Amino acid sequence: MPVVEREPLLSARGLVKHFGHVQALQGADFTAHRGEVVALIGDNGAGKSTLVNVLSGVIAPDGGEITLDGRPVRFNGPMDAQRQGVETVYQDLSLAPDLDAAANLYLGRELFRGGVLRPFSVLDRPAMRLAAVEAFAELGVSLKDVTVPVAALSGGQRQSVAVARAVAFARSVIFMDEPTAALGVVQRGRVLETVRRVRDRGVCVVLISHNMPEVLSVADRVEVLRLGRRVASFNAADTSIEELVGAMTGSLDDRPAAATDDGDEGGAP
């Protein structure tokens, strides 16, 4: 298991978010370190999606503090988060099905030809395709032809394109929302191997998943949300599915949970 730094890469303290009369986050905390896979789990309505949306700049919190690399940050939208090295792979992948893998990799960040063609904003497709091949190869992803529309790719290959796009530009953190949902066994295995490769590059991967065996197979740590708050934090190697489910449902409230490497104690903060 990777060595966990004492200083968190990404940290959230006391995050609060209201949607009308509904309080989605009630002082939520979160901690992620460089070069680790940290799973974020919780029952439906626990606040996982809201927390990820806040930490990736999709929505602004009503209160609380976020730090990145030890400095306070407040993201002014997803593109601001991307500029600071935070990427997100959404469950719907957010790919353009009629574009090829290379075009999707650079979607919104296209490369243009220089020289006399620069004023005409001509796309440098050869450069993007070459970079795409290199990005996929680095992650161990095999695509026979990067010029094929992603609509013609398998579910696992499309997932790999979305992950490669995030990895190509992420410097700090990648959020992955249910990255193996609706995939077969072989495809799930390939995606999880990609997650490990990303972690080994020194990037933090935050995995949002309901699949407990999958979480324990790939995560280094597990943080549990319930009713808009972090209620437990575990080292994955030292916990079990039963303990995770107990934290999610509240049955662990009467006994202490495992301590993590960053010094936090399990149980309600």
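## A tour of the predicted model

Start by selecting D69, which is found in the loop between β4 (63-68) and β5 (71-73); helices here are DSSP runs of H or I with at least four residues and strands are runs of E with at least two, numbered from the N terminus. What you have open is a predicted model, in which local features need pLDDT of at least 70 and side-chain atom pairs count only at pLDDT 80 or more, whereas totals for chains, interfaces and linings use all residues. Residues are numbered from 1 along each chain as its sequence is written, and side-chain values use heavy atoms, with hydrogens and water left out.

D69 has a positive phi of about 55° although it is not a glycine. D69 counts as partly exposed because its relative accessible area is 48%, where buried means under 20%, exposed means over 50% and partly exposed lies in between, with a 1.4 Å probe and protein chains only.

**The hairpin**

Next, select residues 10-19 and 22-32, which are strands β1 and β2, paired in the antiparallel sense over eight bridges; two strands pair if DSSP finds at least two bridges between them. β1 and β2 form a hairpin with two residues between them, and G20 in the turn has a positive phi of about 65°.

**Helix α1**

Move on to residues 48-55, helix α1, which is mostly covered, since six of its eight residues are buried. The buried residues are K48, T50, L51, V52, V54 and L55. After α1 comes G57, whose phi is positive, near 85°.

**The open sheet**

Now display the open sheet of six strands, which has the order β6-β7-β8-β3-β9-β10 and mixed pairing. Which strands stand at the edges? They are β6 and β10, each with a single partner strand, so one side of each is left without a neighbour in the sheet. From one strand to the next the twist averages 20°, with axes taken as lines fitted to C-alpha atoms (for helices over the stretch in contact) and angles running from 0 to 180 degrees between N-to-C directions.

Within this sheet, select β7 (residues 173-177) and β8 (residues 204-208), which pair in the parallel sense over five bridges; I174 has V205 as its bridge partner in β8. E178 is found in the loop between β7 and α6, and E178 has a positive phi of about 45° although it is not a glycine. E178 counts as buried because its relative accessible area is 12%.

Is S233 buried or exposed? S233 counts as buried, because its relative accessibility is 1%. The side chain of S233 makes a polar contact with the side chain of R221 at 3.4 Å; such a contact is a pair of N or O atoms within 3.5 Å, of which, within protein, one must be able to donate a hydrogen and the other to accept it, and residues adjacent in sequence count only if both atoms are side-chain atoms.

Continue to D238, in the loop between β10 (229-235) and α8 (241-249). D238 counts as exposed because its relative accessibility is 55%, and its C-alpha atom is separated by 9.7 Å from that of L216, 22 residues apart along the chain.

**The pockets**

Finally, turn to the largest pocket, with a volume of about 410 Å³. On a 1 Å grid over the protein atoms alone, a pocket is an open set of points where a 1.4 Å probe fits, with protein on both sides within 12 Å along at least five of seven lines, and lining residues have an atom within 4 Å of a point; grid points are joined across faces, edges and corners, and a volume is the space filled by probe spheres set on the points. Of the 18 lining residues, select M79, Q82, E87, L107 and R109, which are the closest to the centre of the largest pocket. α2 (78-83), β6 (86-89) and α5 (155-169) each supply at least two residues of this lining. By class, the lining has eight nonpolar, five polar and five charged residues; Ala, Val, Leu, Ile, Met, Phe, Trp, Tyr, Cys and Pro count as nonpolar, Asp, Glu, Lys and Arg as charged, and the others, Gly among them, as polar.

The second largest pocket has a volume of about 250 Å³, and of its 14 lining residues the closest to the centre are G140, V141, S142, S160 and R190. α5 and α6 (185-200) are the elements that give two or more residues to this lining, and α6 provides the largest share, six residues.
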